[in-house]
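Dear colleague,

I am handing over the structure below, and my notes on what was found in it follow directly after.

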Amino acid sequence: MNRFKITLPFILVISVVFFSCTPQKKQIPANSIKSTVQQPVFNDYTTSILDHGAIADGKSLNTKAINNAIESCSLAGGGKVIIPQGLWITGPIELKSNINLYLEEGALVMFSKNLDDFPLILNYFEGKEEVRAKPLIYANNATNIAITGKGVFDGSGQIWRPVKRGKLTESQWKKLIKQSGVVDDKIQMWYPNEGAMQAAQNREIAQSTTLEGKDKYKAFLRPPLVNILNCDKVLFDGPTFQNSPGWCIHPLLSKNLTFININVRNPWNAQNGDGIDFESCRYIHLENSTLDVGDDAICLKSGRDEEGRKRGVPTEDVVIKNCIVYHGHGGFVVGSEMSGGVRNVKITDCTFMGTDVGLRFKSNRDRGGIVENIEINNINMINILTNAIGFNLYYGGLSVVEQNELGNNEEIIEEEITEATPQFKNITIKNIHCNGADIAIFVNGLPEMPIENMVFENINIKSDKGAYISYAKGIKMKNVKIEPSNNIDFTFNNTSDVNMKMDKNEQKRESIIQINGERSKNYTIEYDVKPNLTIAASVRQEEIKMK
């Protein structure tokens, strides 16, 4: 494994819920980071958007002025483009090589609420090439670029996003549907216009690579707030990115990415309101940043299904450190679009509070790809709604909360191994502390391709239910302490090659371990206090060794 040496009206959502207060944290200067991630360097040349006719009156459209300032700076060899204090309305902003877009403190850039300001282009969404509205901030084949300063980018996402009725109070829902938009026949989903609803109900209408005839569906073809495509040497340092139409920040097929001291915020109920999605990128450093979003917060991806496998570009060589996630479907997430692979990842010193899942790994039998060499260390969590640590290789598109509400009684059947079979292996998770979760550890592998070589060490989790590990191989546990309300600490199902070193339980009670399934073999359990062990009839007694 490569190792790094690091020195380093929203739609009727109450604003106090959306804009969580963030603690004051020491700012990290970009030049203090020394790693394999290369930093951009800029000329001393400086220009202001004011020099190009921009007007901060909260109503004038400044698209031309901002992009002219960027073009002028680029022609001069690059440098800093300043957006001063004020309220600036704009359409898409396109970065060019050698440009540092700098937001002064008090600068608020709000993107236009007129969809006509965002042309359709061929881009990518959830790992596949599709027609989408142009990203609000866009860079394609650029080198040496940055977005820095203390200002705020607001994506006006409320004019784009659909809203689920179940994610609003009844009074909020009634107020929303009186204002604008349309609702579906079941009166459970609001859309900004008829075209968005038509496309959502028949996605083949809109999801293709043909531009012709798509304008009426534009509200469905939601762009990210920021899209960095095929770029090298990228720095984000300081600004806030919020209220995106789709994903908030989406670097794709890019390398040497440094993201420090940023804030990423979306309403908690924002559809596809991800925080940062690194897709098929290499050499990534994310540090000292705060996220409070409506979907997965910090996410690593690499393309979806056959298209992602053909691309064959993994996300790799990643360092994530000292980040806080207040809300999201997952705090740190791999997948589900990981068909090109994810490897060589270190995440340390992070805090997750109130996320649906803490550490979330997800895929399914269509994806393929290999996830390997993941090191997770020193993560603190509180009030996790479902799994503190979760691996689900049967992901079907719902959040864990939504899936749990529906229930899942499908029988697990072994299938043939193909190029579409995902693999997860060589994953180390250490020094995890969690106070409050539904399930402490949930590992749900495939019978034809068990999750392989997992290390859990120095884990302390207080939860309703203990650890459930199914279809895995090569599990090492040392000093894993779980306080489950149901008193069942560990359940293993069809899992083999398990080595457990159990220290004395702090509650001075015997741990309860259940082992099920005919594939459960080669267990070694070392203990101070002998656990209460239940072995199913399908498990051969000689496969369990107690010391």
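A residue is called buried when its relative accessible area is under 20%, exposed when it is over 50%, and partly exposed in between (1.4 Å probe, protein chains only). By that definition C350 is buried, with a relative accessible area of 0%, and C323 is buried as well, at 1%.

Please keep in mind that this is a predicted model, in which local features need pLDDT of at least 70 and side-chain atom pairs count only at pLDDT 80 or more, while totals for chains, interfaces and linings use all residues. Residues are numbered from 1 along each chain as its sequence is written, and side-chain values use heavy atoms, with hydrogens and water left out.

On the cysteines, the structure holds zero disulfides, a disulfide being a pair of cysteine sulfur atoms within 2.5 Å. The cysteine sulfur closest to that of C323 belongs to C350, and at 4.8 Å it is too far for a bond.

As for the chain as a whole, it contains six helices and 42 strands, which are DSSP runs (H or I, at least four residues, for helices; E, at least two, for strands) numbered from the N terminus. Buried residues account for 57% of its 547 residues.

Towards the end of the numbering, K545 lies in strand β42, which spans residues 544-546, and K545 is partly exposed, with a relative accessible area of 42%.
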